[in-house]
Amino acid sequence: MEGVTFALVVVVGLAVVFDYINGFHDTANAIATSVATRALRPSHAILMASTFNFVGAFAGTAVAKTIGAGLVDEATTTQTVIVAALLGAIAWDLLTWYVGLPSSSSHALIGGLLGATIVASGFGSLKVDGLVNKVVVPMISSPLIGFVGAFLLMLALYWIFRNAKRKPMARAFRRLQVLSAGYMAFSHGSNDAQKTMGIITLALFAAGVIPTVDVPVWVIVVAGTALSLGTAVGGWRIMRTMGQRVVELEPVHGFAAETTAATVLIVTAHLGMPVSTTHVISSAIMGVGSARGPKGVRWGVARRILLAWVVTIPAAGIVAALSWFVLHFIGFG
């Protein structure tokens, strides 16, 4: 096929690896609360999350178009830049997975793309409006909306069921949480799979294989499959942090957190905003915990998570920039 080179094959391969890592790194986003509250057995939760992640990948391509053409000037993007971006994102994901720290695969990929682009083409290649409107504003607002939304929903549920007996209510919400977990997994697939679609599509455009930055169907299938297979492996280190160490969860808390986070993710995916599923579900979990009072959240663990949020983009960007220099030196691409 015209335009297919060794560099392009490497890019697509690395993108699939990143998507797979994203799946097991972010398994906790979809099912940690369901497993922690025993609404689902781990094996059943992972099977359901994998299925709905795959289905969610077909929900749209607005986020993919933002990654592919909304953040940097696609005309200046080379295969070397994309490989360096993926290496930065993969390195950060593996590090945070190893230490069991929830961080954003989405922001790692964005940080990698920005870092590699800056050293390759300069700051002039960045699309500032796209970065502000599609990354910076949603990065700040989506966790806040997740926190406040989950907090208010939890207060409403406390008030509605204030006279209900605890055990029957727990059984009812344990069943409802199966639905909210499926909703969360679907929204995760609809948002996160698109980031890999966008980076592969950008690489295909840079190689001249496709004339416009529109996502081919086969790219959707590949991205959805890699994400769901990664989810099937399960990121148990991060799952323990998300489901047990931040807040002591009961089924009603899990239902409120998942429902709020999934709704935020569905809306932002429709708007083409590559927000962090990790940030949104983490903040929603903190929101439901805060509804119990200040002691409802283990703020020491929460501070570690917040620190990871702050350093993800620059850390992945620095690794990507260094990777670009190495690749450029050896003549890759």
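Guide: Helices are DSSP runs of H or I at least four residues long, strands are runs of E at least two long, and both are numbered from the N terminus. Gly-112, for instance, is found in helix α6. This is a predicted model, where local features need pLDDT of at least 70, side-chain atom pairs count only at pLDDT 80 or more, and totals for chains, interfaces and linings use all residues. Residues are numbered from 1 along each chain as its sequence is written, and side-chain values use heavy atoms, with hydrogens and water left out.

Visitor: How many helices and strands are there in the chain?

Guide: The chain has 13 helices and zero strands. Read along the sequence, the pattern is α-α-α-α-α-α-α-α-α-α-α-α-α.

Visitor: Why does Gly-112 count as buried?

Guide: Set its value against the cut-offs. Buried means under 20% relative accessible area, exposed means over 50%, and partly exposed lies in between (1.4 Å probe, protein chains only). Gly-112 has 0% relative accessibility, so it counts as buried.

Visitor: What touches Gly-112?

Guide: Touching is contact, which means heavy atoms within 4.5 Å. Leaving out residues up to four places away in sequence, Gly-112 touches Ala-85, Ala-316, Gly-317 and Ala-320. Gly-112 and Ser-323 are 211 residues apart in sequence, and their C-alpha atoms are 9.7 Å apart in space.

Visitor: Trp-309 and Val-310 are both in α13. Does Trp-309 count as buried or exposed?

Guide: Trp-309 has 12% relative accessibility, so it counts as buried. Its helix, α13, covers residues 299–330.

Visitor: Why does Val-310 count as exposed?

Guide: Val-310 has 61% relative accessibility, so it counts as exposed. For Trp-309 and Met-139, 170 residues apart along the chain, the C-alpha separation is 9.5 Å.

Visitor: What makes Asn-191 buried?

Guide: Its relative accessible area is 0%, so Asn-191 is buried. Asn-191 is in helix α8, residues 166–206. Not counting residues up to four places away in sequence, its contacts include Val-63, Leu-265 and Val-275. Asn-191 and Val-275 are 84 residues apart in sequence and 7.7 Å apart, C-alpha to C-alpha.

Visitor: What share of the 333 residues in the chain is buried?

Guide: Buried residues make up 57% of them. Among contacts with a separation of 6 or more, 88% join residues 24 or more positions apart.

Visitor: What describes two packed helices?

Guide: The angle between their axes and the distance between the axes. Axes are lines fitted to C-alpha atoms, for helices over the stretch in contact, with angles from 0 to 180 degrees between N-to-C directions. Under 35 degrees counts as roughly parallel, over 145 as roughly antiparallel, 65 to 115 as roughly perpendicular, and the rest as oblique. Take α3 (residues 42–56) and α9 (residues 217–233): their axes come within 8 Å and cross at roughly 170 degrees.

Visitor: Why are α3 and α9 called roughly antiparallel?

Guide: The angle falls in the class over 145 degrees. Therefore α3 and α9 are roughly antiparallel to each other. The contact includes Ile-46 and Phe-54 of α3, with Val-221 and Leu-227 of α9. By class it has six nonpolar, six polar and no charged residues.

Visitor: What makes a residue nonpolar, polar or charged?

Guide: Ala, Val, Leu, Ile, Met, Phe, Trp, Tyr, Cys and Pro count as nonpolar, Asp, Glu, Lys and Arg as charged, and the others, Gly among them, as polar.

Visitor: At what angle do the axes of α1 and α9 cross?

Guide: Roughly 40 degrees, and the axes come within 6 Å.
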